[in-house]
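This report concerns one protein model and selected details of its geometry. Please examine the sequence and the structure before reading on.

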Amino acid sequence: MAEQLKAMQQSDDRRPNLLVRPAHDVADSADAFDQLQSAHIVMVDDEPIMLEITATLLEDAGYSNFSAIEDSSQAMDILTQGRPDILLLDLVMPDVDGFAILEGVRNSSELEHLPVIVLTSSSDPADKLRALSLGATDFLAKPVDASELALRVRNTLAAKAYQDQLAYYDNLTGLPNRRQFLSLLEWGLKRALRDGTSLAVLHVALDNLRGISDTVGPALADEILKVAAERVSAALRDSDILSHTTERDGDRYAARFGSDDFSVALTGVDSVVAPAVVTRRLLQALKSPVTLDGHDYFLICSIGIAVFPQDGDSVDGIVRNASAACDHARSIAGERYCFFSRDMNERSSQRMRLESKLRRALSNGELRPIYQPKVAVDSGQIAGMECLLRWSHPEDGSISPATFIPVAEETGLIVEIGEWILERACEHAKQLHHDGGDALKVAVNVSGRQLLDQNFKKALSAALRHTGLDPSCLVLEITESIIMDDIDSSVRLLNEIKNTGVRISIDDFGTGYSSLSYLKKLPIDELKIDQSFVKDIPESKDDIAIVRAIVMMAKSLGLSVVCEGIETAEQMALLKTINCDLAQGYYLSRPLEFADLLGFVRADTASGR
């Protein structure tokens, strides 16, 4: 029996109560029957042979999730832990009979709606009347007929699924309702407590929906709310959310919590990063106008965030605090968000302030390119340079790229900034060519957000056209993680870029995403070995072997190789022995302002190295 209890408890990992999620019309669902067959069926009977026969009949009918309880005295504890979808119940049993179990089920807040099919060999009408008065759903006579069992179970489960839809889902938006959200959240809190993870609740308020309803009427306001619900659901499904976080696997679900607000739960989070990313995605999704009958309606949105366990250790507490944070966000301004935690709220405010400053940085001339030379390993002559972005704020001073680049990525500012830095790099490279550095190539980092932007190729062509730079002198450095996310699409996109004459380099090669079998498919010209493999050479024999292997492989594919992070003469000497093409690092030169780069190139040319 202990093993039975353990097996039933494990089923608590399921989201509670519902057979169909999301609960659309069961009759219209193509896989409705498959979902019903996944239902958890429990049978309580003191006859082992009856349990075995029923399990076999159900398995033949396609139901595989079956649990048997032979000791009726254990039934209520196991049912409460396991929360099955349907109960098959014998009436005549020693110790605790079926009537007592049925009464206990109907008096349990967790099991009161559980469908119960009574299995009985009794023909006494009084027994059936008593079972009905206690809340039995249906009856089956013993011995059980296979066809009748399958039919009764299926009909009962279908009815439960339809009742779940009515009881737990909002009819207008199709989202879980407040009742179901609180049930899901209770399950999520228990799971987070067991796993030692956090859980975030986002309270999303449409601040002006009531005013819109007063102006255009409730029917049109309902249509706007439906569009908002669709956008919230789509934002939570977007895989780009995961690509910006490093959280462990978890669930994301939304509900209509009130007349003009939603609640979102994020399970399995380990920091405030995931809630912040999701929140910004929701704000962006709800920012676009809703166009109905030729008119645009703009929603004003506020979002409050509370995180378990620091902001509350109960369903009521976490929901209340998320709502309070939303109220605070609304009091600051529209389309804003804040965390309930004072410390988190401060960090969130700092991030928002940083974003605000970054939006002004480009127009204020605070951003600038600097360049780190790339040197040919065999000759020691400069062969090119990598363009790097720096930000000098008039009050805050120098702000690290590690701080502002993620913000630029997340907000989409990286697209505008990327276009600007690309044109500046091409302009400076062309100027270097006029100054005697004819063969020098400039490398510019391109983020995934830039690369996937529909205007990127147009911006690339414009930069080359405006500056007159030979496309073969421009190298786009792209991290391999971007490419490996969707290799087929990457090949098509890179081929289109390659057709412009631009060279393509894989940056940070070897950091964990590499798939050597795909390298020959990619239209690339260069591999840039990540500095993590270089910093410990020549002392680390393993790193030497890795770098040597990458160089040999690249050469066999006709690719050139760059080693970054070179800081010693010994590292440079080793690169010569393994036939590496280019080197970059502080040993050769620190990143230089453009005026200093001009001097570096002139000195290099004069030396004739």
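The sections below treat a helix pair, the cysteines and the backbone.

## Basis of the model

The model is predicted; local features need pLDDT of at least 70, side-chain atom pairs count only at pLDDT 80 or more, and totals for chains, interfaces and linings use all residues. Residues are numbered from 1 along each chain as its sequence is written, and side-chain values use heavy atoms, with hydrogens and water left out.

## Packing of α16 and α18

Helices (H or I, at least four residues) and strands (E, at least two) are DSSP runs, numbered from the N terminus. Helix α16 (residues 413-434) and helix α18 (residues 456-467) have axes that come within 9 Å and cross at roughly 30°. This angle makes α16 roughly parallel to α18, a term for angles under 35 degrees. Axes are lines fitted to C-alpha atoms, for helices over the stretch in contact, and angles run from 0 to 180 degrees between N-to-C directions.

On the α16 side, Glu419, Leu422, Glu423, Cys426, Glu427 and Lys430 take part; they meet Ala459, Leu460, Ala463, Leu464, His466 and Thr467 of α18. Contact here means heavy atoms within 4.5 Å. The residues of this contact comprise six nonpolar, two polar and four charged. In this scheme Ala, Val, Leu, Ile, Met, Phe, Trp, Tyr, Cys and Pro count as nonpolar, Asp, Glu, Lys and Arg as charged, and the others, Gly among them, as polar.

## Cysteines

The whole structure contains zero disulfides, a disulfide being a pair of cysteine sulfur atoms within 2.5 Å. For Cys426, the nearest cysteine sulfur is that of Cys387, 9.2 Å away. Cys426 is buried, with a relative accessible area of 0%; buried means under 20%, exposed over 50%, and partly exposed in between (1.4 Å probe, protein chains only).

The sulfur of Cys580 lies 4.1 Å from its closest cysteine sulfur, in Cys563, which is too far for a bond. Cys580 is also buried, at a relative accessible area of 5%.

## Backbone features

A cis peptide bond with omega of about 5° joins Phe308 and Pro309. Pro309 belongs to the loop between β11 (301-308) and α13 (315-332). Ile537 and Pro538 are likewise joined by a cis peptide bond, with omega about 5°, and Pro538 is in the loop between β19 (526-529) and α22 (541-556).

Asp95, a residue other than glycine, has a positive phi near 65°. Asp95 sits in the loop between β3 (86-90) and α5 (98-106) and is exposed, with a relative accessible area of 73%. Asp293 has a positive phi of about 55°, lies in the loop between β9 (290-292) and β10 (295-297), and is exposed at 69%.

Methods
Angles under 35 degrees count as roughly parallel, over 145 as roughly antiparallel, 65 to 115 as roughly perpendicular and the rest as oblique.
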